Amino acid sequence: MIAAILDPGGRRAGPEAALRRAGATAVARFGAMWLGWTGGPPLEVDGVTVLVDGPAGERAASLLAGAARGRPPAPEVPTGLAWAAAEDRGAAVRDLTGARPLFVRREGEVTYLASEVRELLALLPGAPGTDDEAAALWLAMEPLGQRTLYAGVAPVPAGHWRAFDAASARRYWQPAPESLSLGREAAAERVWTALREAVGPCVRAAERPAVRLSGGLDSSAVLAAAIAEGVVPAAVSTVFPQYPEADEAELIAAVAGQLGAPSRTFAAGPRDLLADGAAFLARWGVPQEYPGRGLFHPMLEAAAAAHDVVLDGEGGDELFGCEPFLLADLVRHGRLAAARRVAHRLPGAPERLPARAYRVIARRWVAGPLAPARLRPPARVGADLDWFADAMTPRARAAVRARRAQLDWRSRPGPRWLARRIALIVTLPAEAGSADYLRRVTAMAGVSGASPLTDRRLVETVLSLPPEHAFDRRRDKELLRTALAGHVPDVVRLRAEKSHFGDAVLDNLDRAALLERLTPDLAPYLDVARVRRQVQAGPDAHPRGRAGWMFESWRAAMLATFLTR
């Protein structure tokens, strides 16, 4: 961990004790800056003191040093702090994928920074209150961006940097894809090469790597790429023998068997998911976002005993999925025949599209993105994903609507398909703190995680390829499927369905225990009586279906637990 207290006026009493209370094993002062750390010590680079979270070689230090003087970091920069004491300026930087965390709070002239929220709280002279708008966003599953549930405590999002005298962090990298005119086979070869180049460094950097293998395409792609790079990780998997719609044991065996990877499976059993949520809050000081973590914990815990890093396929849906808003670009450029061909290849489309289907397609994926800003309808989500729509207080609901407007990708320049895809792949994960949640989940089991499908070179490669190649009416991610021909068993490569383990989660959520947690503390955000009635009525009666009952019950219970901690 790393931590810091920047105190120009010397007003913070006991900075050294605060840093050690936060977990620092070493502390040093550099002018107005107090630094604490548990790894390697700070380095000096051209008059700049640099503290890197992680391996701290000269290259890492030099990448950070320029940020102290206002130079945007290079994409390879690690997470860390840079301080030019003679100039009284510096900056905090978060690595591109968010592998190492960083949080900040300013109180008057004093700035506090630490790797984790709980460590940051230990630095503060008093406990911050709750950020009510952030609480509303958290309930609605909207990205919090540069805020947390603690008022004034903000993350430095992945791929961002923040000068110590700035009010917020700025992004230092955006994808800059080329526009390559390649046929599908040539494009697929580019994808396979980039996939290997993304996975290879991850498995070679680990001493005992494993891959969290499901029966899905993305994790299978990661395992296949690792083996193509000369490393044979173990496959570790959670299976659901009691839930046939979620169980992928046969698919897992097919992938591991063809690739020659040792495989271990762990059957998900009965689990007190609310107790898992309480343990997560106790460990990290923030509530657990999703209810199913505990079902996979035994697998990760067993993996931790034999492996140092577990790779996953997170980010694959966003990176490799087809982008229907390509239709807007084709129509805008008068390529109506091409738009018609793409519409016929939308995943799930019938062989012959009826006339009414064209009207739906035009309304959903053409009219909105092309409309002038003054005529554009407000950003919204589908009714089945509009969490707590009928139960939020007016103030909470207004905060959610304002946040959706902020995140509306339609206001960004460039091709519509590319703007949307960058939002899904880069912007929204950083705004949502996705890397923080994944890191905490694996750390709860005592192992490190890695998500190679978020590699920037892989992202830029995929975005450089003709987007039409991802379309096929039989299934999504067609370009990735083409790239994996001969590398992954066809039973997985050509499988259109996705497994869902929602029923396993629902069976492990105690309705009575959920109701006990729905306290009046939620009243600033929710109509508590209405939420209680919906929880009591059960999943099949919920206005947003069984998934709505699961997510809303969980989020309400976890936020109430946080508020009453």
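## Helix H15 and its end

Just after H15, Gly433 takes a positive phi of about 65°. Helices here are DSSP runs of H or I with at least four residues, strands are runs of E with at least two, and both are numbered from the N terminus. This is a predicted model, in which local features need pLDDT of at least 70 and side-chain atom pairs count only at pLDDT 80 or more, while totals for chains, interfaces and linings use all residues. Residues are numbered from 1 along each chain as its sequence is written, and side-chain values use heavy atoms, with hydrogens and water left out.

H15 has a kink of about 45°, centred on Ala423; the bend at a residue is the angle between axes fitted to the seven residues ending there and the seven starting there. The helix is largely enclosed by the rest of the structure, because 12 of its 17 residues are buried. Buried means under 20% relative accessible area, exposed means over 50%, and partly exposed lies in between, with a 1.4 Å probe and protein chains only.

A pocket is an open set of points on a 1 Å grid over the protein atoms alone, with protein on both sides within 12 Å along at least five of seven lines; a cavity is a set of points where a 1.4 Å probe fits but cannot get out, and lining residues have an atom within 4 Å of a point. Grid points are joined across faces, edges and corners, and a volume is the space filled by probe spheres set on the points.

This pocket is lined by 21 residues, and Gln174, Gln406, Arg412, Thr427 and Glu431 lie nearest its centre. Helix H14 (394-406) and H15 are the elements that give two or more residues to the lining. H15 supplies the largest share, 6 residues. By class, the lining has 9 nonpolar, 7 polar and 5 charged residues. Ala, Val, Leu, Ile, Met, Phe, Trp, Tyr, Cys and Pro count as nonpolar, Asp, Glu, Lys and Arg as charged, and the others, Gly among them, as polar.

A search of the whole structure finds 2 cavities of 30 Å³ or more. The largest cavity has a volume of about 160 Å³. Of its 15 lining residues, Leu319, Gly321, Val462, Pro467 and Ala470 are the closest to its centre. Helix H10 (316-320), H15 (416-432), H17 (456-464) and H18 (478-483) each supply at least two lining residues. The lining of the largest cavity has 12 nonpolar, 1 polar and 2 charged residues.

The second largest cavity has a volume of about 40 Å³. Residues that line this second cavity include Phe388, His542, Trp549 and Glu552. Helix H22 (528-537) and helix H23 (545-563) each give at least two residues to that lining, which by class has 4 nonpolar, 3 polar and 1 charged residues.

## Nonpolar cores

The largest nonpolar core has 91 residues, of which Leu195, Leu327 and Leu458 touch the most other members. Helix H5 (residues 184-205) provides the largest share of this core, 9 residues. Apart from it lies another core, of 85 residues, among them Leu281, Phe388, Ala391 and Val528. A nonpolar core is a set of buried Ala, Val, Leu, Ile, Met, Phe, Trp, Tyr and Cys residues joined through side-chain atoms within 4.5 Å.

Not counting residues up to four places away in sequence, Leu195 touches Ala221, Ala225, Leu453, Leu458 and Leu484; contact means heavy atoms within 4.5 Å. Trp365, in helix H13 (residues 355-370), is buried at a relative accessible area of 17%. Leaving aside its neighbours within four places in sequence, Trp365 is in contact with Pro324, Phe325, Leu327, Ala328 and Leu346.

## Positive phi outside glycine

Asp88 is not a glycine, yet has a positive phi of about 55°. It lies in the loop between strand S6 (80-84) and strand S7 (89-93), and counts as exposed at 56% relative accessibility.

Lys477, also a residue other than glycine, has a positive phi near 60°. Lys477 lies in the loop between H17 and H18 and is buried, with a relative accessible area of 7%.
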